[in-house]
Amino acid sequence: MTLRLPRRIAGQRIFGTVVLVAVVIGLVSVPIVSAHASLAESTPGNGEQIAETPDELTLQYTEGVQQAEISVESASGDRVDDGFRVDSNDQSVVHVPLDGVENGTYIVKWEVLAADGHTTSGSFSSLSAMNCRHVSNS
């Protein structure tokens, strides 16, 4: 004796299986979203000591930058950055011209809106006869 399910229940099982397979295929085929624009490196670099004052700070992020707010401040709070520009050939690179940099330690603060629509920010200690070291990155 064979147990037969009513057509309605059998149809629901088939429909449920098809939906489950479609969901699994959808999840597997979705591209992995990158993890926002984090600071990948800077020039002068993290931990680097330099003998001469730089004319420019270069920040490279893990993905393209749409908007940015960047400041470079001395220990006394004086700003030495002269704006910034996103590199036209590589939007993950931001150039920050510097003016009035003297020997000492400076704090670089940044906040960027990435191509993925998320904002990230951070700061690090940097510049001029300096020892660069990252302070934070969120």
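**View 1. The β4–β5 hairpin of the predicted model.** A hairpin of six residues connects β4 to β5; strands here are DSSP E runs of at least two residues, numbered from the N terminus. Strand β4 (residues 85-86) pairs with β5 in the antiparallel sense over two bridges, where pairing requires that DSSP finds at least two bridges between two strands. R85 has H95 in β5 as its bridge partner. This is a predicted model, in which local features need pLDDT of at least 70 and side-chain atom pairs count only at pLDDT 80 or more, while totals for chains, interfaces and linings use all residues. Residues are numbered from 1 along each chain as its sequence is written, and side-chain values use heavy atoms, with hydrogens and water left out.

**View 2. Strand β5 beside β2.** β2 and β5 run antiparallel and are joined by five bridges. Q60 stands opposite V93 in β5. Of the five residues in strand β5 (residues 93-97), four are buried, that is, under 20% relative accessible area with a 1.4 Å probe and protein chains only.

**View 3. The aromatic pair Y61 and W110.** The structure holds one aromatic pair; rings of Phe, Tyr and Trp (its six-membered ring) pair if their centres lie within 6.5 Å. The ring centres of Y61 and W110 are 5.1 Å apart and the planes lie at 65°, so the pair is edge-to-face, a class for planes over 60 degrees apart. Y61 lies in strand β2 (residues 56-61) and W110 in strand β6 (residues 106-114), 49 residues apart. Y61 is buried at a relative accessible area of 2%, and W110 is buried at 3%.

**View 4. W110 and L59.** Their C-alpha atoms are separated by 9.5 Å, with the residues 51 apart along the chain.

Key
Phe/Tyr/Trp six-rings, centres within 6.5 Å; stacked < 30°, edge-to-face > 60°. Buried < 20%, exposed > 50% of the residue type's maximum accessible area, 1.4 Å probe, protein only.
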